[in-house]
Amino acid sequence: MRTTEPTQIIKGERLEWTKTFSDYPATAWSLEYRFRGAGTGIDVNATADGDVFVCEITKTASAGFGTAGKYRWQAWI
């Protein structure tokens, strides 16, 4: 499984990645992402797998992306 955020998202594609922050274990913190651009954006709430955050964009969620183009993402704990 990848450990970095996606650099390309194709409509209808499922994506999954993990993130680890030594000072912010997933057992005690939450991690959220927002992907925004032209059209509909996607919000991602990571789940905990021990101290690791597991992030997923489902096929249904990525199908909701609107116009092709550049999107920006922002994450926070």
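The structure is a prediction, and local features are described only where pLDDT is at least 70, side-chain atom pairs count only at pLDDT 80 or more, and totals for chains, interfaces and linings use all residues. Residues are numbered from 1 along each chain as its sequence is written, and side-chain values use heavy atoms, with hydrogens and water left out.

Strands are DSSP runs of E with at least two residues, helices are runs of H or I with at least four, and both are numbered from the N terminus. Strands of a sheet pair through backbone hydrogen bonds, either parallel or antiparallel. Here two strands count as paired if DSSP finds at least two bridges between them.

Six bridges link strand β2 (residues 32-37) with β6 in the antiparallel sense, and phenylalanine 35 stands opposite tryptophan 73 in β6. On its other pairing, β2 is joined to β3 by four bridges, again antiparallel, with glutamate 32 opposite asparagine 45 in β3. The hairpin of β2 and β3 has four residues between the strands, and glycine 39 takes a positive phi near 90 degrees there.

In a regular strand the side chains alternate between the two faces of the sheet. Strand β3 can be read with that in mind: Ile42 and Val44 make up a covered face, while Asp43 and Asn45 make up an uncovered one.

Another open sheet of three strands has the order β1-β5-β4, also with antiparallel pairing. Its edges are β1 and β4 (47-49), each with a single partner strand, so one side of each is left without a neighbour in the sheet. Neighbouring strands in this sheet are turned by 30 degrees against each other on average, direction ignored. Antiparallel β1 and β5 are joined by five bridges, and tryptophan 17 has cysteine 55 in β5 as its bridge partner. Between β1 and β2 runs a loop that holds proline 25. Proline 25 is partly exposed, at 22% relative accessibility (buried means under 20% relative accessible area, exposed over 50%, and partly exposed in between, with a 1.4 Å probe and protein chains only). From proline 25 to glycine 66 the separation is 41 residues in sequence and 34 Å in space, C-alpha to C-alpha.

Attention now turns to charged side chains. How many salt bridges does a search of the whole structure find? The search finds five, where a salt bridge is a side-chain nitrogen of Lys or Arg within 4 Å of a carboxyl oxygen of Asp or Glu. One of them joins arginine 14 to glutamate 56, with the closest N and O atoms 2.9 Å apart. Since arginine 14 lies in the segment before β1 (15-19) and glutamate 56 in strand β5 (residues 52-57), the pair ties together parts that are 42 residues apart in sequence. Arginine 14 is partly exposed, with a relative accessible area of 42%, and glutamate 56 is partly exposed at 34%.

Aspartate 43 takes part in salt bridges with arginine 34, at 3.8 Å between the closest N and O atoms, and with arginine 36, at 2.7 Å from N to O. Shared partners also join Arg14, Glu16 and Glu56 into one network of salt bridges.

Finally, there is the empty space. Rolling a probe the size of a water molecule over the atoms shows where empty space is left. The largest pocket has a volume of about 270 Å³. Of its 16 lining residues, Gln8, Ile9, Phe65, Gly69 and Tyr71 are the closest to its centre. On a 1 Å grid over the protein atoms alone, a pocket is an open set of points with protein on both sides within 12 Å along at least five of seven lines, a cavity is a set where a 1.4 Å probe fits but cannot get out, and lining residues have an atom within 4 Å of a point. Grid points are joined across faces, edges and corners, and the volume is the space filled by probe spheres set on the points. Strand β6 (residues 71-76) gives the largest share of the lining, three residues. By class, the lining has eight nonpolar, five polar and three charged residues, with Ala, Val, Leu, Ile, Met, Phe, Trp, Tyr, Cys and Pro counted as nonpolar, Asp, Glu, Lys and Arg as charged, and the others, Gly among them, as polar.

Terms used:
Axes are lines fitted to C-alpha atoms, for helices over the stretch in contact, and angles run from 0 to 180 degrees between N-to-C directions.
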